[in-house]
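Here is a short report on one protein model. Look at the sequence and the structure first, then read on.

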Amino acid sequence: MGPNLGGLFGRVSGTAAGFPYSKANKEAAVTWGERTLYEYLLNPKKFMPGNKMVFAGLKKPEERADLIAYLKQSTA
């Protein structure tokens, strides 16, 4: 389980209330947007070393783009 994704775009990593983020996530201070999510979704461990996200990533560019489009619409 992860944090609530409502308001994801424009939010700084590690700041959603009520979720125990890793130190790496809090200290990364990444502002989530299309570009940062695209990079993150390719390889979360490489993008943010030390995070505890259990997700290998999406290697296909069109899958990442589709997921970002979905998230943009559903988290607004």
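## The largest pocket

α2 gives the largest share of the lining of the largest pocket, three residues. Helices (H or I, at least four residues) and strands (E, at least two) are DSSP runs, numbered from the N terminus. The model is predicted: local features need pLDDT of at least 70, side-chain atom pairs count only at pLDDT 80 or more, and totals for chains, interfaces and linings use all residues. Residues are numbered from 1 along each chain as its sequence is written, and side-chain values use heavy atoms, with hydrogens and water left out.

The largest pocket has a volume of about 560 Å³. Of the 24 residues that line this pocket, P3, L5, N25, Y40 and M53 are the closest to its centre. The elements giving two or more residues to the lining are α2 (34-42) and α4 (61-74). A pocket is an open set of points on a 1 Å grid over the protein atoms alone, where a 1.4 Å probe fits, with protein on both sides within 12 Å along at least five of seven lines; lining residues have an atom within 4 Å of a point. The volume is the space filled by probe spheres set on the points, which are joined across faces, edges and corners.

The lining divides into 16 nonpolar, six polar and two charged residues. Here Ala, Val, Leu, Ile, Met, Phe, Trp, Tyr, Cys and Pro count as nonpolar, Asp, Glu, Lys and Arg as charged, and the others, Gly among them, as polar.

## Aromatic pairs

Rings of Phe, Tyr and Trp (its six-membered ring) pair if their centres lie within 6.5 Å; planes under 30 degrees apart are stacked, over 60 edge-to-face, and the rest tilted. The count comes to four aromatic pairs.

W32, Y40 and F47 form one aromatic cluster. Y40 is buried at 9%, while F47 is partly exposed at 24%. Y21 is buried at 12%, and F19 is partly exposed at 26%.

## T75

T75 lies in the segment after α4. T75 is buried, because its relative accessible area is 7%. Leaving out residues up to four places away in sequence, T75 touches L5, G6, G7, L8 and F9 (heavy atoms within 4.5 Å).

How values were computed: Buried means under 20% relative accessible area, exposed over 50%, partly exposed in between (1.4 Å probe, protein chains only). Contact means heavy atoms within 4.5 Å.
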